[in-house]
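Please look at the sequence and the 3D structure below.

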Amino acid sequence: MSSAPEQEAERGDEFGGRRTRHPGDDRTAGRPARAPGAAVNGRPRPDPALRPLPGATVWPGSPEPLGARFRTAADGTAGTNFALWAGGAEAVELCLFDGGGDGGPDGPPQGETRLPLTELTHEIWHGFVPGVLPGRRYGYRVHGRWDPWTGARWNPAKLLLDPYARAVDGDFSLPPEVYGHVRDWPQQHVADTVRDERDSAPYVPKGVVVADGDDWADDHRPKTPWPDSVIYELHVRGFTKRHPGVPEELRGTYAGLAHPAAVEHLVRLGVTAVELLPVHQFAHEDHLLRRGLRNYWGYNSIGYFAPHAAYAASGTDGRQVGEFKRMVRALHAAGLEVILDVVYNHTAEGGELGPTLSLKGIDNRRYYRLQDDRRRYADYTGCGNTLHVVQPNVLRLITDSLRYWVTEMGVDGFRFDLAAALARSMHDVDMLSPFLAVIAQDPVLRRVKLIAEPWDVGSGGYQVGSFPPLWTEWNDRYRDAVRDFWRGALPDVRDLGYRLSGSSDLYAWGGRRPYASVNFVTAHDGFTLRDLVSYEHKHNEANGEGNRDGTDGNRSWNCGAEGPTDDPAVRALRRRQLRNLLTTLLLSTGVPMLVAGDEMGRTQGGNNNAYCQDNETSWTDWSLLEEPGWRALADLCCRLLALRRAHPVLRSRSFFSGRPQSADGLRDLAWFTAGGTEMTQADWYAPTATLGMYLSGRDIPQRGQQGEPVTDDSFLAVLHAGPAEAGFTLPGPPWADGYELLVDTAREEQGAPPGERRAAGARITVGARSVLLWRVTREQAEAGPEAPIPLPRKVLGEKTE
C-alpha cells in the first residue's frame, strides 16, 4: 500500500506530470491528454443522431418510492416518476430510449433523450415525466468527481442501470466502452485511474418501466411449516431445458417451469418448495465471455428487482415480470413454495478493474466497502467487491428488494448467498449487525423463510450455528459427516449422531428448533450425488481454468474406478451408495434439501464447479428416468418422502431429550450398537461402521395445536458403512416385540421383500454398505430402562459451553 505522497508522485510520473481538474473536483487526478471518446468540460460530446422524446418535460415528482413507477398525476396525466438515490453526485440525467434490445455497434439506432433531474430531496434525485408509459427503456448518467484515490468514480459517459429497475432489456457483453476506466491502458497497475470517455449506452442493457397493479387475490400461498418442508434446489433454465414434456419454445424459461409436465415431477416426488438458483438480473464475467462461456449459475447480480430476462419466453420489454408471477402462481397452486437464492453480498461490477454498470457509477464510496487505500475494494466474497450493508442506502436497497419479491412477486422465502458478508458491521461478523436487526423487526420479512449460507471468505467468516432465531442455515457439517461416514472416513460416530438427530450441538439455543438445520449432502456447488460416488478428483477442464477452480476437498469415493466404468460390481455399489446417501438424508431430523436431478442419477462428468457450463453438462437429463435403475432410485426417493410426510416422528419439531416423555414411556431417542445394546459413552468414541437409531413415536416431544399428545409409529434405522455384511441384533423389549422392514438399500434394486417381519431380539444380517429401516410392530407399555442415557450431552439436545 502506498503512502499519500507516493500516490501523488505516481500520478505525476505516470502521465508525464500532466494534471487535469474535473468540474467540482477539489483534488487533482492524473489522466491522459485525450482518452478515447474525449469529453468536453467533463461531459461526453452530444451525439447528433439522438432523437428527442416528443414534448418531454420533467415535473418535480416525488422522491418516494425509489425507482421508475408509472402512475397518473392529480390532473389525470399519465407518466412515470423517477427517483434515484445518488448521495454524492453533482448532477443526474435521466436517459430515455427508443426501440428495443441493447443496440450494440451494429444494432438498430437508439434514440436517447437526456432529461436533467433537478429536484434533490434527502439525497434522492427525482422527477415526473409525463407521457412515459410502461415499456419505455431508460437509464441514468451521474455526474461527479473522478478521483479513484478517494474512491470517487463518477463518469457521466457511462449509462447506468437503475438499481430499482423492475425489468431489464438487453444483455451485458462487456466491451471496453462499458468500463469507467480505460480497460486496456498500457500501464495496468494504474489503469483504473484513467477515466474512459466513450459512451457506453449502445452496449449496455436498459431498465424498463413496468406497470403495477397485481393484487394476488387469486393466489394461495402454501405456507408450509418449517418441520414439514423439503427443499428442492433447481435452476430455472437447466431444469426444463431438456424436459421432453415441456414445449420446446418454453424450455429454459419461467413459463417452462410453470408447465404441468415440470410441476408434475415435483408433486410426484413430494418436495414442498423449490429453491431457485439466482433469478435476479445478472451479468456474465469478462473472463468467461473471452473464453466463449457464460455465467450459468447466476451468482453475479446487477438488478435486484428484475427477474433475469434471459429466462423469459414472453419477451424482455417488461413481460418477464408477468411471466415470473404466473410461474409462482402455478407452483403455489400445486402446493409448492418458491424460495429465491439471492446474492446481496456483491455485484457484477467487480473490483477496481471491473465494469461500471450501476452502483459503481452512482456512488462507489457508499455502495461498496473500500480498503484504507480507497482505490481498492474490501473483498469478503471472492468476487471483487462487497456491498457496504452498514450504509443506510444499501440496507434500504436490499430490504426494499426483499419486500418487493414477497409482496409483489409472490415468493415465500430466500436463501442468502454468503450471508456472513451481510452480517459484518465494519469488519467483523456481528450477529447484532444492522442487516440482521432490520430483518428481525420487519413485519414482512420476518414471516418468510430465511436461509443463511453461514459463511464468507473473509477472516472469521465461518458462522455455522451462530445465526439468530428466525434463521435456518445450510449445515455443511451435516454434509461432511454423512459423506465421511459412507466413504468410511469417520473415526467414530459421535458427529454422525448429532447430524442425524437435528444437530442440537449447533442449534439448541435461543429457542431454535431442529429445522434450523437445512441438511444437505450435495448442492449446486460441488459434485452431483452420482459424481460423489463416481469420482475422487474434480474434472473441471471444460471451464478453461486448468482444473484449478473448484474445491479439492470433495469427501468423495469412486467405489473403485474413476468415472464411467463397465464393471458391474462398481456400478452396483455406486447405486447402493446413492440409495444410502438419499435414505440417510431423508430420515434425518431437520429440513432436507435435494438437488434437481440427484434423484435420477444426474452427472456432470466429474465437474464440481459447473458455474459456467450452460449446456448438457448442467442441464437435467430427463432420459435417465427411462432407465430402470435410475427410475428405481427416483421411486425410492418418492417412497421415503411419502414416509417422512406421513410420520411426525421423522420430522420432529423439537430436539430429542433422550429421556421418557411420560411416566410409562420410552426414551424419545435411543442409540444401539450392533449387539443390540444401548451405546455407552465409550461406544461413541470407539471406531465403528454400524449405528442403530431408535425413534419412539409414543414419546414425541411435541404437542398438537390444542395441547394434545402427538403419537406415531416407532422406527429403527440401522446404518452400516462397512465393506462386508455384518450382524445386528434388533433391540428387544421394552423397545419392541417385533419389526417390519420398510427399506433395505442393499436389496432395493432387486426388490426388497416388502413387509418382512422379524422378532425383537433377532439377529439379522445387514448387507455391506447399506441402510435398513424397520417399523416397530408392537411396543410394550412398560417403562423404559432407568439407567442414565450414556450419550454425549449435545446429542441429547442439551446446550454445552
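Strand β12 (231-234) and helix α2 (236-240) each supply at least two residues of the lining of the largest cavity. Helices (H or I, at least four residues) and strands (E, at least two) are DSSP runs, numbered from the N terminus. The model is predicted, and local features need pLDDT of at least 70, side-chain atom pairs count only at pLDDT 80 or more, while totals for chains, interfaces and linings use all residues. Residues are numbered from 1 along each chain as its sequence is written, and side-chain values use heavy atoms, with hydrogens and water left out.

What is meant by a cavity? Rolling a probe the size of a water molecule over the atoms shows where empty space is left. On a 1 Å grid over the protein atoms alone, a cavity is a set of points where a 1.4 Å probe fits but cannot get out, whereas a pocket is an open set with protein on both sides within 12 Å along at least five of seven lines; lining residues have an atom within 4 Å of a point. Grid points are joined across faces, edges and corners, and a volume is the space filled by probe spheres set on the points.

The structure holds eight cavities of 30 Å³ or more. The largest cavity contains about 160 Å³ of space. Its lining has 15 residues, and H235, Y296, V595, R602 and S618 lie nearest the centre. By class, this lining consists of seven nonpolar, six polar and two charged residues. Here Ala, Val, Leu, Ile, Met, Phe, Trp, Tyr, Cys and Pro count as nonpolar, Asp, Glu, Lys and Arg as charged, and the others, Gly among them, as polar.

The second largest cavity has a volume of about 70 Å³. Residues R483, W486 and L581 are among those that line it, and α11 (476-486) and α15 (568-587) each supply at least two residues of the lining. Five nonpolar, two polar and three charged residues make up this lining. Turning to open spaces, the second largest pocket has a volume of about 290 Å³. Of the 13 residues that line this pocket, K223, E337, D412, R447 and V448 are the closest to its centre. Its lining divides into six nonpolar, one polar and six charged residues.

The chain as a whole can now be considered. The protein chain has 17 helices and 29 strands. Of its 801 residues, 62% are buried, where buried means under 20% relative accessible area, exposed over 50%, and partly exposed in between (1.4 Å probe, protein chains only).

Among the strands, β2 (residues 78-85) is mostly covered, with seven of its eight residues buried. Strand β1 (residues 67-72) runs antiparallel to β2, and six bridges join them; two strands pair if DSSP finds at least two bridges between them. Within this pairing, R69 stands opposite N81 of β2. The two strands form a hairpin with five residues between them, and G76 in the turn has a positive phi of about 90°. Strand β6 (residues 124-130) is also antiparallel to β2, joined by seven bridges, and I124 of β6 is the bridge partner of W85.

In a regular strand the side chains alternate between the two faces of the sheet. Strand β28 (residues 763-766) has a covered face with I764 and V766, and an uncovered face with R763 and T765. Strand β25 (residues 726-729) pairs with β28 in the antiparallel sense over four bridges, and T729 has R763 of β28 as its bridge partner.

Where does Y164 lie? Y164 is found in the loop between β9 (152-153) and β10 (168-169). Y164 counts as buried because its relative accessibility is 9%. Leaving aside neighbours within four places in sequence, Y164 is in contact (heavy atoms within 4.5 Å) with residues including L66, G67 and F305.

Some details of the backbone remain. Most residues other than glycine have a negative phi, and most peptide bonds are trans. A cis peptide bond, with omega of about -5°, joins E64 and P65, and P65 lies in the loop between α1 (4-14) and β1. The bond from P733 to P734 is also cis, with omega near 5°. L174 has a positive phi near 60° and counts as buried, since its relative accessibility is 6%. S503 has a positive phi near 55° and is buried, with a relative accessible area of 0%.
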